[in-house]
Every structure is written in C-alpha cells, then in structure tokens.
Amino acid sequence: MNDKISPKELNSIVILSVLGFEILLLPKICASFFSALCAALFSLFLMCIAIFSNIDIYENKLWQIVFFIKNILMTVLLTKIFADAIHFIMLRDMALYKIIFIITLLCGYCGYKGIEPIGRIGQIIFWFVLAFTLYIYIMSLPDIKWENITPNINGEGLKAAIYGFVINSGEIIILLKNKLSGDKIKLFRSAVTGFILFAFISLVIIGKLGMAGVYNTMYPSFELMYTADLPGFVIKRQEGIFISLWMISCFITLFVYFYSSNALAKKIFIDRKYIMLIIMAVVFAFSYVHISPSATIKNYCFLQIIGGMLTALILPLLYIRRNKK
Amino acid sequence: MSENIENRIKYIEDKFKDWGDIVKRKFYIGEKREQAVYITYIDDMVNRSLIEEEVIKNLIINIRLTPPAGGDPNKYSSYINGGVTTADIKNITDIDDAILEVMCGNTLMLLDGWDEILIISTKGFPKRGVDKPENEIAVQGPQEAFAESIRINTVLIRRRIRDTRLKCIQSKAGNTSQTDIALMYMEGIADKELVENIKRKLENINTDMVYDSGYLEQLLEENRYSPFPQIQLTERPDKTAAELMEGRIAIVVDTSPFVILLPAVLASFYQASEDYYQRWEIMSFVRIIRYLAGFVAFSLPGLYIAVALYHPSMIPTELALRLAGARQMVPISTVVEIIVMELIFEALREAGTRIPASIGSTLGIVGGIIIGQAAVDAGLVSPIAVIIIALTGICSFAIPNIALVSAYRLIKYFIIFTSAMAGLLGFVAGLLLVLVHIASLDSFGIPYAAPFSGTNRGKRTILKDTVFRFPIRNKESRHFYSEMESENIER
C-alpha cells in the first residue's frame with residue numbers, strides 16, 4: 001500500500017459521488033430542471049477549477065485546519081443525511097443510532113485502511129452501479145412528461161445555482177488530488193461525465209415526477225425507483241437492488257470524507273492510529289443530535305454555501321492565480 | 001573435525017545412536033587393503049543396488065583388480081574416481097552437513113586420512129508415482145498430478161517448459177525437518193525483485209517443521225489474518241507451467257503433492273487449466289457462471305435473511321405469501337434456522353471429506369433424504385431454507401479452488417450476521433467490508449483485486465482473461481504478473 005490513487009480510481013469515486021448523494025439531494029433542492037442544469041454546470045465549473053488548481057491542502061497548516069473543520073462538519077452532516085434516508089426508506093423500525101453506528105463503523109474502518117482500498121473499491125463496483133442506475137433511469141425515460149421541463153430560471157433557479165455548491169465532487173478532487181499518481185488532466189473525463197449524468201438524472205426525476213411531485217416527496221430519486229415500470233424479467237420489485245447500489249455509492253463518498261478527515265487530523269494533531277477512533281466517536285455523537293431530516297439538509301446546504309464557497313472555489317482559484325504569476 | 005577416521009566414525013555413530021535403520025560398514029580397499037573406508041546410509045531411503053554395484057563393489061573388487069592409473073597425484077581422488085562410478089557426488093568438510101545428507105537419503109563415505117567427506121547421491125525413497133489430479137479435475141487436458149517427490153514434480157514442470165530460462169533454485173526449509181524446496185521461475189519473465197524477495201523470505205523462515213506446502217504457504221503470506229488465500233496451491237503441472245510463463249513463481253516442496261504459485265490475485269482462483277483447453281465461448285460462459293456462483297456462495301443466506309426479516313415488502317407478493325406459509329409451522333427464527341442448516345451442511349461436508357468412499361453414498365442418503373426431507377416434513381425447517389442452503393452449497397462447489405471456497409464459507413457467516421443485524425444495510429455494509437478487505441490486500445506487491453482494480457489497464461484487457469476467456473490468439477498480455485509488478489513499481 002503506497003496510499004496513492006490512480007486517475008481511473010479517482011474518476012470512479014467522483015462519478016459515484018454524483019450517483020450517490022447528489023441524486024439524493026439536488027433534484028429536490030433545485031426548483032426546476034433548468035435550475036438543476038445550472039447547478040450541474042456550476043458543479044462542472046468547480047470540478048474544472050479543482051482539477052487545474054495546484055492547491056495542496058495537506059502541505060499548508062492553515063488549509064489543513066480549514067479543510068479539517070469543514071470536513072468534519074461535512075462528514076457529520078452527510079452521515080446524518082445518509083442515516084435519515086436509510087431510516088426513512090428501508091429501516092423505519094430500527095433506531096437511528098444503530099444505523100448511524102453501522103455507517104460510522106464501516107466508514108471509519110475503510111477510512112483507516114487508506115485511500116488505495118477506497119479507490120480500488122470504486123473501480124471494482126463502478127460499472128455495476130453505473131449500469132444498474134442508468135438502467136432504471138433509461139427505463140423511466142418514456143414516462144417523462146415534457147410539460148414538467150419548463151424553461152424556467154427565476155429566483156428559485158438562482159437559488160438552485162447557489163445550492164449547486166452542494167455538489168461535492170469538486171471538493172473530493174481537491175481532497176484527493178495530492179494522492180493522485182497520474183496525470184490530473186485525466187480527471188476532466190469524470191467532471192464531464194458527472195455533469196452529463198447529473199443533468200440526465202435530474203431530467204428524468206423532474207420530468208417524471210414533476211416539481212409538485214418532487215416537492216411532496218422526501219427523496220425523489222427513491223420515489224422514481226419505487227415507481228419505475230421495469231420489465232420483471234429478473235424478479236419483480238427490483239428496487240431493492242437499486243437502493244443497495246445507491247447505498248454503495250453514498251458509502252464511497254463517505255469513505256473519502258472519513259479518510260481525508262483522518263489524514264488531516266494526523267497532520268494537524270498527532271500521527272496515531274487512534275485518531276480515527278476519535279473521529280468516529282465525534283461523528284457518531286454529533287450525527288445522533290436530534291434534527292429533522294429536512295433541517296439536516298438545510299444545514300448541509302448552508303454549510304456548503306459558506307464552507308463550500310471557500311474550500312471548493314476561492315482557495316483553489318487563488319492557487320490558479322498564483323501559478324499564473 | 002579431526003581427519004582421523006576413528007574419531008569421525010565415533011562422532012557419526014554417536015549421532016546415529018539407537019537408529020535401528022542405519023546401515024554402516026567399515027572396510028579396507030587398495031591393493032594391500034591399506035586404505036580404511038567407512039560408508040553409512042539409512043536403510044530403504046537409498047537405492048541399494050546403486051550403492052552395492054557402483055560404489056562398494058567397485059571399491060572392494062574393481063580397484064584391486066585394476067588400480068587407477070597413476071596420473072592423479074592425489075590418491076584419494078584416484079580412489080573416488082576409480083571406485084565411485086556415479087555422476088552425482090560432492091565433497092563436503094562439515095560433518096554435521098554430511099549427517100544431514102545421510103538423513104536426506106544420500107550415502108556418506110569417509111576415507112582414512114582424507115579430511116573431506118564424500119556424499120554420494122543415492123536417494124531412493126519409497127514414493128507414489130504420478131497419479132491423476134483429485135482436486136483440480138479436468139475433463140479435457142492432461143491427467144497428471146504432482147506427487148510427493150520434489151524431483152518428480154520438477155521433472156513434470158521441466159517436461160512442459162524446455163527452455164534454459166526455467167531456473168530451479170534448491171534450498172531447505174524447516175530447522176528440524178530440513179525439507180527440500182525448489183524455487184522455480186522463468187528468467188527474463190518473472191520480476192527479478194520478486195524472485196529476490198521470495199528467496200529472502202524463504203531464507204528467513206524460522207520454523208522447526210515444514211511437512212507440506214500448506215505450512216510454507218502460511219509462513220510466506222503477508223496478511224496472516226486474512227481468510228483469503230494470497231498464495232495459490234495447485235496439483236497440476238500444466239497449470240504450474242502456464243503460470244510460470246505468465247511471470248509467476250513456483251515453489252515445489254518435497255513431501256507435498258501441491259506446488260505453491262505466487263503472487264496470487266483473486267481472479268486467479270477462478271481460473272482452471274481446463275479453461276484453456278476447450279473452446280473460448282463455452283469457457284467464457286463457464287467463467288461467468290463461476291463468478292456468479294462465487295457471489296451466491298457467500299451472499300445468498302445473508303440476502304435471504306435481510307429480505308425475509310427486514311424488507312418483506314421487497315419480495316413479490318405471491319412469493320412473500322408462499323414464504324410466510326412455509327414458515328408458519330417452523331418453531332425457530334429465520335436466522336437460527338439458516339445458521340443451524342448451514343452448520344449441518346458444514347458437518348455433512350466435513351463428514352463427506354473423511355468418510356471412506358465405499359460408504360460415501362450413505363452420507364448422501366442420510367444428508368439429503370433424512371435430514372433434508374424429514375426436517376421439512378417435521379416442520380423443523382422451511383423448504384425455502386433447505387433450498388437456500390443447497391443452492392449455496394452447490395455454488396461453492398462451482399469455484400475451482402478449495403482455498404477460496406473455504407474463505408467464502410467463513411465470510412458467509414459474517415454476512416449472515418451483518419444482515420441479521422440491519423437488513424439490507426447490514427448486507428451492503430458486510431459486502432463492502434469484505435470488499436474493503438479484498439481491496440486492501442496485496443500479494444507480493446500485486447493488488448489482490450487486480451486486474452479489476454489497482455491497475456491502469458483498459459477494460460478490454462481486464463475482461464479478456466478474467467470474467468471471460470477470449471480466444472487464445474487475442475490474448476495481448478502473456479506475462480500478466482511480471483507486467484503487474486512493473487506497473488506497481490512505477491506507481
């Protein structure tokens with residue numbers, strides 16, 4: 001293990017993050033398809049900045065602290081959002097703390113193992129997740145009501161563009177860039193693929209459910225999975241497969257946040273094995289704070305507007321300028 | 001040691017005290033019987049006729065009749081050249097090394113006044129010949145398997161690769177057993193650093209006994225706590241030869257009919273030598289079946305528990321009703337039912353391995369009819385549980401490597417546990433945990449999950465000889481392992 005990640009592996013991780021948390025959150029947050037498209041475009045812009053910026057967050061003490069604080073908060077909120085979604089969709093009878101405990105345990109272990117296994121897992125499962133997810137969305141294409149796709153970018157659309165910061169793919173690139181063993185230009189492929197995927201998925205979700213349907217559902221992407229009219233040639237009720245694959249994508253994103261929190265904590269504090277245990281305890285404790293799922297998403301968006309602006313846009317931009325000088 | 005023969009004989013005989021099977025003889029040779037000679041060997045570990053015809057008879061009779069020509073100024077060399085007419089001899093000075101050679105089946109010869117010791121290669125152990133493979137059975141292809149003799153095994157490999165680049169470095173392992181081992185590799189194909197690394201590892205092994213290649217496998221493995229085999233054992237010489245040509249290294253262990261192949265990646269455990277002897281279409285299909293069977297072998301019981309306990313709404317309604325009906329009379333929970341059935345199956349499998357072949361069919365009747373059918377009729381288990389367990393068992397037999405099957409057997413219980421704890425979340429978490437473990441494993445520098453991950457190779461190259469078996473003429477990479485090693489170094 002040399003704690004390095006290849007461009008192929010990082011591309012897989014970035015695209016899986018699009019298929020995980022982003023399709024869970026963005027169609028709901030964005031006001032219309034065109035707003036979602038704006039958000040996706042903004043995400044593409046962020047990813048390009050992340051690729052071409054030379055920022056190394058692990059070298060500068062100040063950035064270490066800034067990114068560590070942001071990372072820990074992100075990890076807590078993403079864990080909570082993920083646990084809420086699982087609780088809501090699949091395990092309503094199970095206590096939330098048990099779900100959070102399982103997520104924290106798994107992500108902590110994987111984060112502790114290093115970035116190389118995470119990258120390898122991403123590469124192994126990438127085609128399974130992509131193929132099955134695309135399958136469900138492609139099969140839902142005939143159900144799109146085109147009147148739902150209104151050319152509407154108003155105040156809500158603008159808001160959605162701001163919420164575009166919730167797209168954390170750009171941030172993932174920044175967090176893992178210095179672990180890359182290969183040409184960073186190769187990451188451009190994942191940025192474009194991520195953008196296309198997100199635009200396509202938003203089109204299907206909003207086109208099928210309509211904005212009213214999206215507003216009335218807690219997690220529109222799952223609503224689509226449940227209502228998709230899939231040919232039952234394998235088994236009937238196939239949504240279990242898709243939900244399992246979606247969970248895997250979300251786990252991959254969380255693995256990255258746990259890993260980078262651990263790596264940053266080791267740089268800032270002390271390079272000890274138990275650091276991850278402390279991070280896990282913190283994430284578990286704070287994720288269990290009782291906040292409603294929608295309030296968690298709001299807090300997450302707020303953090304991304306403030307923190308995301310800094311960590312995924314301003315700081316990387318500064319380093320692009322510095323290079324030009 | 002003193003060159004006085006009496007002292008040395010005493011030392012040797014002290015070492016071999018109470019050895020009923022040792023043969024020793026002191027006699028005199030030369031025209032006037034002036035030269036004392038001492039010979040010792042272990043009875044039946046040597047080729048007796050060779051010693052008697054080519055050594056003792058020559059020394060006692062022939063040398064006397066026709067003394068060696070006087071060209072050689074050293075009389076001891078004259079005796080050896082004239083009296084020992086076998087090619088494989090060596091001189092050593094350390095008497096303890098000489099005693100070790102006797103224990104390996106060689107003959108020790110002392111000449112009075114000569115400070116060296118002559119070792120004559122006379123190995124002739126009772127040994128099993130080349131038999132059919134018992135574990136890696138192939139319908140088509142060679143029907144030869146390795147035997148317990150290191151020499152038979154190296155010859156079986158050499159017969160298939162007639163190339164001077166095939167190197168064979170011999171050494172010993174085990175402080176007490178002093179087992180012969182041979183490191184074989186293709187020079188110019190196998191990674192040099194890897195060869196050196198393995199040589200070092202073999203030299204540094206500190207154990208008393210190496211009875212089998214399984215011992216050595218465990219001593220060489222880098223992650224000893226992993227249930228996954230990181231080194232492959234094979235009983236097929238054709239497979240070994242093919243793997244050597246791919247850049248792998250083989251370790252042949254005396255007294256073991258299994259040869260160690262390393263490095264090993266997960267995909268290599270799904271490959272059988274027969275895959276390359278039949279048409280690529282059918283073998284590609286078989287490979288896909290193996291991968292699916294492998295997944296089912298460790299995941300099906302856990303998935304069933306997750307769905308039946310936590311997400312019955314995910315099952316189609318008719319099936320859910322049928323399942324509920326079948327489970328109505330069962331007095332135990334689904335988890336206990338599955339675990340108990342799995343344990344019974346494990347017991348049956350273990351019994352099947354140990355039971356004499358003549359009564360093997362009885363086990364099938366007892367296991368299949370009495371336990372399976374009777375338990376369902378009595379309402380102790382549901383028919384679906386029997387189907388799940390049977391399917392899991394059948395799928396595990398579709399994997400061509402027993403070490404991987406054993407790993408999956410253990411993992412299956414872990415997945416059952418996680419699924420029982422948290423349904424599909426537990427199932428996915430369990431699978432991911434296993435995947436993380438696999439992804440973090442390396443086998444001598446090569447990612448264990450390669451070529452599926454940990455490599456920059458294209459998808460086509462990955463698919464050509466893993467999940468599929470493309471036509472042999474399309475095979476781009478002939479030296480997969482050595483290329484992976486260099487890729488890893490570059491990284």
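# A chat about chains A and B

Student: Hi! Where does B:Pro263 lie?
Tutor: You'll find B:Pro263 in the loop between β10 and α9 (280-310) of chain B. Keep in mind that this is a predicted model.

Student: Is the peptide bond from B:Leu262 to B:Pro263 cis or trans?
Tutor: That bond is cis, with omega near -5°. A cis peptide bond also joins B:Ala450 and B:Pro451, where omega is about 0°.

Student: And which loop holds B:Pro451?
Tutor: B:Pro451 is in the loop between β12 (446-447) and α15 (459-464) of chain B.

Student: Zooming out, how is chain B divided?
Tutor: There are three domains in chain B: domain 1 covers 5-120, domain 2 covers 150-262 and domain 3 covers 276-447.

Student: What distance separates the centres of domain 1 and domain 2 of chain B?
Tutor: Taken over C-alpha atoms, the two centres are 33 Å apart.

Student: Let's do sheets. What is the strand order in the open sheet that contains β1 of chain B?
Tutor: That one has five strands, ordered β1-β2-β4-β5-β3, and the pairing is antiparallel. At its edges stand β1 (22-29) and β3 (89-92) of chain B; each has a single partner strand, so one side of each is left without a neighbour in the sheet. On average, neighbouring strands of this sheet are turned by 20° against each other, direction ignored.

Student: How many bridges link β2 and β4 of chain B?
Tutor: Four bridges, in the antiparallel sense, between β2 (residues 35-42) and β4 (residues 107-111) of chain B. To pick out one pair, B:Tyr38 has B:Leu110 in β4(B) as its bridge partner.

Student: Which strands does helix α1 of chain B lie across?
Tutor: Helix α1 (residues 5-15) of chain B lies across β1, β2 and β4 of chain B, and runs at about 15° to β2(B).

Student: Now the sheet with β6 of chain B: what's the order there?
Tutor: This open sheet of five strands goes β6-β7-β9-β10-β8 in chain B, again with antiparallel pairing. The edge strands are β6 (166-173) and β8 (232-234) of chain B; with a single partner strand each, they have one side left without a neighbour in the sheet. For this sheet, neighbouring strands are turned by 25° against each other on average, direction ignored.

Student: How many bridges between β6 and β7 of chain B?
Tutor: Eight, in the antiparallel sense, with β7 spanning residues 179-186. Within that pairing, B:Ile169 stands opposite B:Leu183 in β7(B).

Student: And which strands does α5 of chain B lie across?
Tutor: Helix α5 (residues 150-158) of chain B lies across β6, β7, β9 (249-253) and β10 (259-262) of chain B, running at about 10° to β7(B).

Student: Why does B:Phe444 count as buried?
Tutor: Because B:Phe444 has 23 C-beta neighbours inside 10 Å, and the cut-off for buried is 20 or more. B:Gln178 has 15 inside 10 Å, so B:Gln178 counts as partly exposed.

Student: On to cores. Which residues have the most contacts inside the largest nonpolar core?
Tutor: They are A:Phe251, A:Leu254, A:Phe255, A:Val256, B:Ala250 and B:Leu425, in a core of 197 residues. Helix α14 (residues 402-440) of chain B gives the most to this core, with 22 residues. Domain 2 (150-262) and domain 3 (276-447) of chain B each put at least three residues into this core.

Student: What does A:Phe255 touch?
Tutor: Leaving out residues up to four places away in sequence, A:Phe255 touches A:Cys107, A:Cys110, A:Gly111 and A:Ile118. There is also a second, separate core of 22 residues, including B:Leu59, B:Ala98, B:Leu110 and B:Leu118.

Student: Last topic: how many residues of each chain are in contact across the A and B interface?
Tutor: 32 residues of chain A are in contact with 26 residues of chain B. On the chain A side, α1 (7-29), α4 (96-113), α5 (115-139) and α10 (239-268) each supply at least two residues. The largest share of that side, seven residues, comes from α4(A).

Student: How do the residues on the chain A side divide by type?
Tutor: They come out as 18 nonpolar, six polar and eight charged.

Note on methods:
Residues are numbered from 1 along each chain as its sequence is written. Chains are lettered from A and ligands numbered from 1 in the order in which they are written. This is a predicted model: local features need pLDDT of at least 70, side-chain atom pairs count only at pLDDT 80 or more; totals for chains, interfaces and linings use all residues. Domain bounds come from an automatic or database domain assignment. A nonpolar core is a set of buried Ala, Val, Leu, Ile, Met, Phe, Trp, Tyr and Cys residues joined through C-beta atoms within 7 Å. A residue is buried if 20 or more other C-beta atoms lie within 10 Å of its own, exposed if 12 or fewer, and partly exposed in between; C-beta atoms are placed from the backbone. Two residues are in contact if their C-beta atoms, placed from the backbone, lie within 7 Å. Two strands pair if DSSP finds at least two bridges between them. Axes are lines fitted to C-alpha atoms, for helices over the stretch in contact, and angles run from 0 to 180 degrees between N-to-C directions. Ala, Val, Leu, Ile, Met, Phe, Trp, Tyr, Cys and Pro count as nonpolar, Asp, Glu, Lys and Arg as charged, and the others, Gly among them, as polar.
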